[in-house]
Amino acid sequence: MTYRIGLLEGDYIGPEIIRQAVKALKACGRRFGYEFELVRLPVSGEAYDLYGEPLPQSTVEAAKTCHALLKGPFGGPTEEINHPKWAGVEAKALLPLRKIFNLYTNLRETKIYRPLINLSPLKPEYLENVGILIVRELVSGIYFGEKGERIVNGERQFYDVEAYAESEIARVAKVAFETARARRNKVTLVAKSNVLRSSALWREVVEDVRRAYADVEFDYMHVDNAAMQCVLNPAQFDVILTSNMFGDILSDEVSVLSGSIGLFPSASLNGTDFGLYEPIHGSAPSIAGKNIANPLSAILCVPLLFTHTVHDAKAAAAVDAAVEKALEDGYRTKDLFRDGDDPEKLLGTEEFGDLIAEGI
């Protein structure tokens with residue numbers, strides 16, 4: 001079968017690491033009998049240069065013809081944050097993509113790779129049996145709520161409103177419980193119900209949903225406690241279910257348990273076979289073009305694509321296995337390299353992508 005995949009390469013290291021993901025995608029196609037029609041879709045900085053806007057309608061229309069989207073990180077240098085090209089690029093490009101395709105569920109999993117355990121800021125004994133999947137609501141909450149400004153007592157006041165509907169909570173909660181059944185059978189709801197009325201609604205709705213999942217263990221934590229527990233005792237978590245903003249923050253926190261944010265992908269889904277797959281990190285302007293960026297976060301988007309769009313577990317497992325073997329064999333990118341590692345196994349972005357493709 002032929003799958004049409006839209007490539008939104010993004011900015012700075014984005015095109016470099018997406019190229020490596022494409023190598024893995026093509027290697028899986030050769031091994032498992034798939035054809036991929038790859039369609040480059042201008043977005044973010046590239047689209048601004050071409051069309052004067054970060055998400056042109058032509059990109060959106062072309063994306064609608066695709067089975068899935070493979071996306072690189074968006075954004076420019078910190079010192080240019082107010083430049084028209086980069087100002088609010090996520091709000092102008094990424095958030096609309098999520099809303100247009102109704103990508104209401106985001107999956108971000110933190111796994112501990114044994115060969116890299118020395119890179120974690122935590123002691124190895126805290127990392128036993130750690131595997132945390134954050135199921136994050138992605139198209140509502142404070143990021144999409146009413147925004148504005150007003151004058152109060154003679155000074156400017158800006159506001160962003162957090163608001164959730166029952167149906168928005170229920171649909172992502174069902175994803176969390178269904179997913180937990182295929183893992184360690186536990187869901188932890190993270191919110192702030194002692195302060196926020198929207199969080200109180202989360203607790204009410206999720207309590208209703210969980211009745212259909214009596215076989216799944218369930219508990220609740222306030223977000224401040226959950227942030228602390230992710231460091232003190234991360235092994236207690238299996239699936240964390242949470243809102244848009246809390247999920248954004250917590251997923252970055254738990255990703256560094258592995259030692260590098262450059263190791264992890266994410267999947268944004270809408271309940272159909274369509275998905276948007278992307279690394280969880282930024283565009284890293286300072287290392288762009290130097291062939292040193294870690295491509296694993298992009299490469300590991302490929303097994304997510306095979307899992308949620310193609311529905312081929314064997315192809316997904318082949319990519320995961322190739323990555324794990326490369327790490328076990330001692331191959332490293334610069335961000336993963338430490339004293340004592342074999343300097344002959346220090347690889348650039350392109351070379352690491354070639355290695356994974358060969359492994360597949």
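Start with the largest pocket. It holds about 490 Å³ of space. Keep in mind that this is a predicted model. The pocket's lining has 21 residues. Which of them lie nearest its centre? They are Glu109, Leu133, Leu304, Thr307 and His308. Now the elements. Strand E4, helix H5 (166-181), strand E11 (265-269), helix H10 (301-310) and H11 each give at least two residues to this lining. Sort the lining by class and you get eleven nonpolar, four polar and six charged residues.

Next, the second largest pocket. Its space is about 390 Å³. Again, 21 residues line the pocket. Closest to its centre are Glu90, Leu94, Arg98, Arg108 and Asp248. Helix H4 (89-100), H8 and strand E12 (275-279) each provide at least two lining residues here. Which element gives the largest share? Helix H4 does, with five residues. By class, the lining of the second largest pocket splits into eight nonpolar, four polar and nine charged residues.

How do we look for it? Rolling a probe the size of a water molecule over the atoms shows where empty space is left. How many cavities of 30 Å³ or more does a search of the whole structure find? One. The largest cavity holds about 50 Å³. Its lining is Arg108, Glu109, Thr110, Ser251, Val254, Ser255, Phe264, Pro265 and Ile280. The classes are four nonpolar, three polar and two charged.

Some names come back here. Glu109 lines the cavity, and Glu109 is also among the residues nearest the centre of the largest pocket. Arg108 lines the cavity too. Arg108 is also one of the residues closest to the centre of the second largest pocket.

On to helix packing. Take H11 (residues 313-328) and H12 (residues 349-359). Their axes are 8 Å apart, and the angle between them is about 120°. Roughly perpendicular stops at 115 degrees and roughly antiparallel needs over 145, so H11 and H12 are oblique to each other. The crossing is right-handed. Who makes the contact? From H11, it is Ala322, Val323, Ala326 and Leu327. From H12, it is Phe352, Leu355, Ile356 and Gly359. That contact has seven nonpolar residues, one polar and no charged ones.

H1 and H12 pack at an angle of about 15°, with axes 9 Å apart. Angles under 35 degrees count as roughly parallel, so H1 is roughly parallel to H12. This crossing is right-handed as well. H1 brings Glu16, Ile17, Arg19, Gln20, Lys23 and Ala27 to the contact. H12 brings Thr349, Glu350, Gly353, Asp354 and Ala357. By class, we have three nonpolar, three polar and five charged residues.

Toward H11, the contact residues include Phe352 and Leu355 of H12. Toward H1, they include Glu350 and Asp354 of H12.

Notes: Residues are numbered from 1 along each chain as its sequence is written. This is a predicted model: local features need pLDDT of at least 70, side-chain atom pairs count only at pLDDT 80 or more; totals for chains, interfaces and linings use all residues. Side-chain values use heavy atoms; hydrogens and water are left out. Axes are lines fitted to C-alpha atoms, for helices over the stretch in contact, and angles run from 0 to 180 degrees between N-to-C directions. Helices (H or I, at least four residues) and strands (E, at least two) are DSSP runs, numbered from the N terminus. Angles under 35 degrees count as roughly parallel, over 145 as roughly antiparallel, 65 to 115 as roughly perpendicular and the rest as oblique. A crossing is left-handed if the near helix is turned anticlockwise from the far one by less than a right angle, and right-handed if clockwise. Contact means heavy atoms within 4.5 Å. Ala, Val, Leu, Ile, Met, Phe, Trp, Tyr, Cys and Pro count as nonpolar, Asp, Glu, Lys and Arg as charged, and the others, Gly among them, as polar. On a 1 Å grid over the protein atoms alone, a cavity is a set of points where a 1.4 Å probe fits but cannot get out, and a pocket is an open set with protein on both sides within 12 Å along at least five of seven lines; lining residues have an atom within 4 Å of a point. Grid points are joined across faces, edges and corners, and a volume is the space filled by probe spheres set on the points.
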